[in-house]
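Hi,

Here is the structure I promised to pass on. Have a look at it first, and my notes on what turned up follow below.

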Amino acid sequence: MTTTTPKDCGEGILEAFRNLGIDYIISSPGSEWAPVWEALARQKINETPGPQYINCWHETLAVNMASGYTRVTGRMQAVLLHAGVGLLQGSMGVHGAMIGEVPMLVCSGEATSYGEDPEIDPQGQWYRNLSVVGGPDRFADAFTKWSGRATSPHTVYEQLVRAGELAQRVPQGPSFMNIPIETMVHSWTPPEKLRAVPSAPKIRPADQDIAELADLVAGSKSPLIITDSAGREVQGFNNLVALAELFAIPVVESAALYANFPKGHPLYLGGQPERYLQHADLVILAGSRAPWYPPQAGPQHATVVAMGETTVKEYMVYQNLFADRYVEGDLTIGLGLLVEALQPAVASRRDEIEARRLRWAAEHDRLAEETYAAEAAASGSRPIDPAWLCAVLSEVMPDNVVYAEEVTTHRGAIGRHVVWDRPQSYYKTNGGLGQGLGLALGVKLAKPDQPVVALMGDGGFLYNPVTQCFGVAGEANLPFMTVLFNNECYEAMRGNHLAYYPDGVAARSDIWHGVHIPGPDYAKLVEPFGGYGERVDDPAHLAQALRNGLAAVNEGRIALIDVVLNK
Ligand SMILES: Cc1ncc(C[n+]2csc(CCOP(=O)(O)OP(=O)(O)O)c2C)c(N)n1
Ligand SMILES: [Mg+2]
């Protein structure tokens, strides 16, 4: 059976998504989307290749799922939300995509005729409830890279294509299109030339900049690399390894957003750049938006070179990189070019490089010994010590595990004690709490054959649309495991309170506000979804609990292991 029902702009929108190479339309529904649903039904009947539709039960989930998928695959997706209200509900995730530089095409609609047009009845909700003065694109302006509206049925297709193209240009980010229902139901005449839209070209750093940086590296006695996102692309991860190895340059992560470097590598020095900054004479910021803290604590004796497609971030209010030079352009390409440019300089410096390699390997081993010692000391604690939870995770999880992380005070423990050596094994949320479960779903969508584990603080977990996430995991067949870092509180709040008022009334009286979480029996939350749940506070049972969760996920069920922690 085929259908040739007259084509409206719903078809135009779907055609734009097809030509933008979008794999998934991820949506939390709204009544404006009937024209697109019609087009999707037509697509199915006619067996036309095109994006699949994923129905989400919450806007935050839709946006974060799209983000997670794009962060793994590099491919922009479409998110359909409902009017101004759906956009507002999803806004934290859209903001997260902006600061994470994740390309995304977000759309929501509005009505413009409010029931006064005899030709179309958009229904009364638009008149009574949903209209937004200035349109939803006005809201979106604050947390997207670009926002605009479809101005007519004759332009909507090209406008949407262009919004998608804008989202993929550096700095990448979400674009928003407000598409009125009256436009969507209007007839659509496809342009004469429909074309597959090319993805954005990558910008190659200038040869001169690379050559000068290569000279700096070759002449440096003590170079250091700091990164948060070199591993955004697999090849970026590999190029960073090649660069570090070639000249024996140690790598430190600072607030990593991706797996950037193998943690077991002798040149890996952990997540505290502050330890090594003052020793360095050259610091390469290889995708590092805020390399040290406080901002003025940068290296005093080093030449600082900031590399990346966008080094000075528009979305940041304040940024102090200490940069002496910039090598701007695609980071993966830049790192690869730097390796090439440095090859000829190796031979004459071999002894110096080898000496440095040994020196940093010894430091790496020293850090590893400290890490093991901390794990051994933590191993017997009941409830469980976070360091021990992380150590056991590393032992139990297979090499191909992928972590999606949304913890706060346990970030240091994860950085230090959870091992990963492969690219694409770790993703951290961007922006506010409530996004980790959606991120995990999106990562699972991109990596259906690998186990995905969400590492969640108990407080952070409760900001997520939990019910909706577990439901969508079932509906879309995306089983993943949640490991809850459950210290029964917002420990970060206590920490901040103490930092501001070390000798304050709360510290002296133990009267805290905004700290304690009398949470539910979290393990039971997966039950209605056929999931596997287990609560564990005994370190002797931890490994088995994690194995039980993993086994359930391997069977296609969701799992939640609620790990009760001592801090
Ligand atoms: C949307 C949002 N609301 C509030 C906060 C403030 N906040 C930062 S950390 C935190 C506590 C997180 O608790 P949990 O995940 O249990 O981590 P812990 O502090 O215990 O390590 C809160 C509420 C936030 N970051 N985002
Ligand atoms: Mg907590």
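This is a predicted model: local features need pLDDT of at least 70, side-chain atom pairs count only at pLDDT 80 or more; totals for chains, interfaces and linings use all residues.

Thr227 has its bridge partner in β8, and that partner is Glu253. α10 (residues 234–247) lies across β7, β8 and β9 (282–286), and its direction is at about 165° to β7. α11 (residues 331–346) touches β9, β10 (303–308) and β11, and makes about 125° with the direction of β10.

Zooming out, these strands make up an open sheet of five with parallel pairing, and the order across it is β8-β7-β9-β10-β11. β8 (251–253) and β11 (325–328) each have a single partner strand, so one side of each has no neighbour in the sheet. From one strand to the next, the twist averages 20°.

While you are around this sheet, look at the loop between β9 and β10, where Pro294 lies. The peptide bond between Tyr293 and Pro294 is cis, with omega about -5°. As background, most residues other than glycine have a negative phi, and most peptide bonds are trans. There is another cis bond from Arg382 to Pro383, with omega near 0°. Pro383 sits in the loop between α12 and α13.

α12 (residues 350–378) and α13 (residues 386–396) pack with their axes 8 Å apart, at an angle of about 110°. Angles from 65 to 115 degrees count as roughly perpendicular, so that is the label for α12 and α13. The crossing of α12 past α13 is left-handed. On the α12 side the contact uses Ala374, Glu375 and Ala378, and on the α13 side Ala387, Trp388 and Ala391. Sorted by class, that gives five nonpolar residues, one charged and no polar.

Now for the other sheet. How many strands does it have, and in what order? Six strands form this open sheet, again with parallel pairing, in the order β2-β1-β3-β4-β6-β5. At its edges stand β2 (52–55) and β5 (146–149), each with one partner strand, so each has a side left without a neighbour in the sheet. Neighbouring strands here are turned by 20° against each other on average, direction ignored. Within the sheet, β3 (residues 77–80) and β4 (residues 104–108) run parallel and are joined by four bridges. One pairing to look for is Val79 with Val106 of β4.

Glu47, in the loop between α2 (34–45) and β2, has a phi near 55°, which is positive although the residue is not a glycine.

α2 also packs against α1 (residues 9–19), at an angle of about 65° and with the axes 7 Å apart. These two helices are therefore roughly perpendicular to each other, and α1 passes α2 in a right-handed crossing. From α1, the residues Cys9, Gly10, Glu11, Ile13 and Leu14 meet Pro35, Val36, Glu38, Ala39, Leu40 and Gln43 of α2. By class the contact has seven nonpolar, two polar and two charged residues.

One more helix pair: the axes of α3 (residues 59–73) and α15 (residues 436–446) come within 6 Å and cross at roughly 45°. α3 and α15 are therefore oblique to each other, and their crossing is right-handed.

Last, the ligand. Which residues are closest to ligand 1? They are Thr409, Gly432, Gly457, Gly459 and Gly460, out of 18 residues that surround it. α16 (458–462) and α18 (491–500) each supply at least two residues of this shell. By class, the shell around ligand 1 has seven nonpolar, nine polar and two charged residues.

Cheers

Note on methods:
Residues are numbered from 1 along each chain as its sequence is written. Chains are lettered from A and ligands numbered from 1 in the order in which they are written. Two strands pair if DSSP finds at least two bridges between them. Axes are lines fitted to C-alpha atoms, for helices over the stretch in contact, and angles run from 0 to 180 degrees between N-to-C directions. A residue is near a molecule or strand if its C-beta atom, placed from the backbone, lies within 6 Å of it. Ala, Val, Leu, Ile, Met, Phe, Trp, Tyr, Cys and Pro count as nonpolar, Asp, Glu, Lys and Arg as charged, and the others, Gly among them, as polar. Angles under 35 degrees count as roughly parallel, over 145 as roughly antiparallel, 65 to 115 as roughly perpendicular and the rest as oblique. A crossing is left-handed if the near helix is turned anticlockwise from the far one by less than a right angle, and right-handed if clockwise. Two residues are in contact if their C-beta atoms, placed from the backbone, lie within 7 Å.
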